[in-house]
Amino acid sequence: MTAVAATSSTTNKILPHPLNAWYVAAWDHEVTRKPMSRRIANRPVALYRTEDGKIVALADACWHRLAPLSMGKTVGKDGIQCPYHGIVYNSAGRCVSMPAQETINPSATVPSFPTVERYRYVWIWMGDPTLADPDLVPDMHQMTSDEWAGDGLTIHAACNYQLVLDNLMDLTHEEFVHSSTIGQEELSESDFVTVREGNKVTVTRWMHNIDAPPFWLKNMRDKFPGFEGKVDRWQIINFEAPSTISIDVGVAKAGTGAPEGDRSQGVNGFVMNTITPETDRSSHYFWAFMRNYCLDSQLITTQLRDGVHGVFGEDEEMLQAQQAAIDANPDYEFYNLNIDAGGMWVRRILESMLAAEGRLVASA
Amino acid sequence: MAATNIETWQSATVIETTPVADGIARIVLEPSLPLKAEPGSHIDLMVEIDGEPAKRSYSVVESSDDGTRLVISVMRAPLSRGGSIFMHGLAVGQRLEITQPLQNFPLRVGAQRYILLAGGIGITAIANMAAVLKRLKADYTLVYVGRSRGAMAYLGELAELHGERLQVHVDDEGSSLKVPELVGRADAGTELYMCGPIRLMDAVRRSWVERELDAPNLRYETFGNSGWYDPEEFIVRVPKLDLEVKVPQGRSMLEALEDAGAEMMFDCRKGECGLCEVRILELTGAIDHRDVFYSERQQRLSTKMNCCVSRAVTSATGSRADAVGPAVITIEPN
Ligand SMILES: Cc1cc2nc3c(=O)[nH]c(=O)nc-3n(C[C@H](O)[C@H](O)[C@H](O)COP(=O)(O)OP(=O)(O)OC[C@H]3O[C@@H](n4cnc5c(N)ncnc54)[C@H](O)[C@@H]3O)c2cc1C
Ligand code: FES
Ligand code: FES
Ligand SMILES: [Fe+2]
């Protein structure tokens, strides 16, 4: 597509999603021997494990009459049987037996999608399978590292995936959306730095010598019982294409050297987010909160997961309302603010990926 | 990826046509709705035969990443009804109606080992697969067989690209392929993809079954026009419809029955689905089964045939010497 299309779609309201990329299809524990269905990038996918525990992802529509394979059962070591007329497919999506005939129609296959199990997630590649390089799975190593502990959940967000990315790339919204937990006015007052490198974007914000908001005060007291006083607070947002954002967040006792690199007098968390387009107007939003202190405390793991779940519920509500307003006002445009720099770089990167796939369409 | 049979028609301009082997033309097309062609895909296009439009299929030998250039290669078919002759007569600048790439022969990424087998013009369906496997640094062997070097397209290019991985067998050089030996090299982790004359593919299928290899790991595409014997004229009788129809050399039994007004059931018209099956009541001569729907056992029984591709011949030995008049077959359609 042309450069003109690229610029005019910079604030595309419904951004298409690149297909030549890894997206999270599910948490590792969700996929079992019993097939499940999940729509990913507009396509229903049947997911199950083979007898050996390997992940299988097939188009959830039988070659014959498109009945959903996920309603069928796993058979043999790695196969799945269509619930309707009994065609059996192997883990590569190849028909291995057909009802009432001695041969197999050579075209009887369903698409099988490459998968990788990594960082407690099942990643799936919906585009050209010859490009599915496992080294391209976005970095979420905190999910499985010994130095971090935590857990997370999935939000079904009723909005285009890019709206979630926008939300996470600019945390000034915390002051307004999350005023009771992590919001504070210093957020919109403090300066931030945006850096783009290749398919990554980083937005860094430091707030010096401030009062810790309730969420962070609790965390400080978990590590430093009875803590009182001012803190230095940081938010370092790391985006990696197509849709993974890990946010390095924390506070440390004010003036103890955290901005210079000594975080020993503070608490540090990583908000891990990875967003999978479900349809053009809905997303699977997988998140977790990982921390590097009190690693053994299941209590803190659960408290943090539930606390963050509450915070993200506020985002979910806003995102859904935003998508509804976008759809209700098709003739209105998006305008951009200075705080959108991070999100705008994300769009730029996604648009160049879409252009490379020949799928970038000018904003309607 | 899997089969795509949704036909999206578009126009395309011929931007190059060059001979690449005896009787084989390489034709470069520029489609109006470009879409990258996956390995194993083909396009359908409309040819003109005696002023009448007809549909033919051609595998995509290569395509540019953005799909704006599609390369096909067409062999001038012996006993052609005219499709391949029309294709050979194309001139640069001429426009054609073509579909976007269709897919019945997808390559699966991730097998431990691959054997690609191309017989003659079948190289068109295999060449792109080989190129992709090379790019993926997969473990593959490309076996290319033909009657004579002069009739084998792209030999030089393939040798350059695939080096040691290319094995060439040429009948008139006495280096014909030994099928059991080739299949003997396959193991449980091997996928074999082939496209070529039905005799070659039948031999591979037989070896594959004998060695008890997994059926789904043998992948093939039929061009739907080759048999064990040369096509002959034969007679079909359909008592139920009170019909007697002559099937000329250049027409299929299905077409001849349709021409005579019989309402026939069919889908693929290339011997894969079994929907055009008819029951054989009586036969003088033998059946040249050209389908891949029946097992060998069923083909030997010859109580039924798929009339889109299979034909009757006078002699099961293929030699015309002992032939007496045309074969006659009496059938009951489904
Ligand atoms: C998926 C697919 C991919 C293909 N790819 C290629 C390709 O890359 N290159 C290429 O050259 N061809 C390819 N073909 C074959 C091609 O579509 C045409 O069949 C071929 O060009 C011959 O067409 P024709 O009209 O010239 O000859 P036809 O009249 O169709 O005759 C061709 C041959 O078929 C036999 N025959 C004739 N009439 C009949 C009949 N009625 N029934 C059965 N057999 C008959 C004869 O033995 C003759 O030698 C492909 C076919 C398919 C289905
Ligand atoms: S729909 Fe699956 S076998 Fe018929
Ligand atoms: S129509 Fe499919 S086998 Fe004849
Ligand atoms: Fe938020």
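A:A100 lies in the loop of chain A between strand 8 (95–97) and strand 9 (115–118), where strands are DSSP runs of E with at least two residues, and helices runs of H or I with at least four, numbered from the N terminus. This is a predicted model, in which local features need pLDDT of at least 70, side-chain atom pairs count only at pLDDT 80 or more, and totals for chains, interfaces and linings use all residues. Residues are numbered from 1 along each chain as its sequence is written, chains are lettered from A and ligands numbered from 1 in the order in which they are written, and side-chain values use heavy atoms, with hydrogens and water left out.

The phi angle of A:A100 is near 60 degrees, a positive value in a residue other than glycine. A:N42, also a residue other than glycine, has a positive phi near 75 degrees; A:N42 sits in the loop between strand 2 (36–40) and strand 3 (43–49) of chain A. In another loop of chain A, between strand 14 (230–240) and strand 15 (244–253), lies A:P242, which is joined to A:A241 by a cis peptide bond with omega of about 0 degrees.

Buried means under 20% relative accessible area, exposed over 50%, and partly exposed in between (1.4 Å probe, protein chains only).

| Residue | Relative accessibility and class |
|---|---|
| A:A100 | 85%, exposed |
| A:N42 | 32%, partly exposed |
| A:H173 | 15%, buried |
| A:H178 | 1%, buried |

Ligand 1 is surrounded by 31 residues, the closest being B:P78, B:S80, B:R81, B:S84 and B:S252; a residue counts as near if one of its heavy atoms lies within 4 Å. Strand 4 (52–59) of chain B is one of the elements that each supply at least two residues of this shell, and strand 4 gives the most, with four residues. A polar side-chain atom of B:S84 lies 2.6 Å from an oxygen atom of ligand 1.

Methods:
A polar contact is a pair of N or O atoms within 3.5 Å; within protein, one must be able to donate a hydrogen and the other to accept it, and residues adjacent in sequence count only if both atoms are side-chain atoms.
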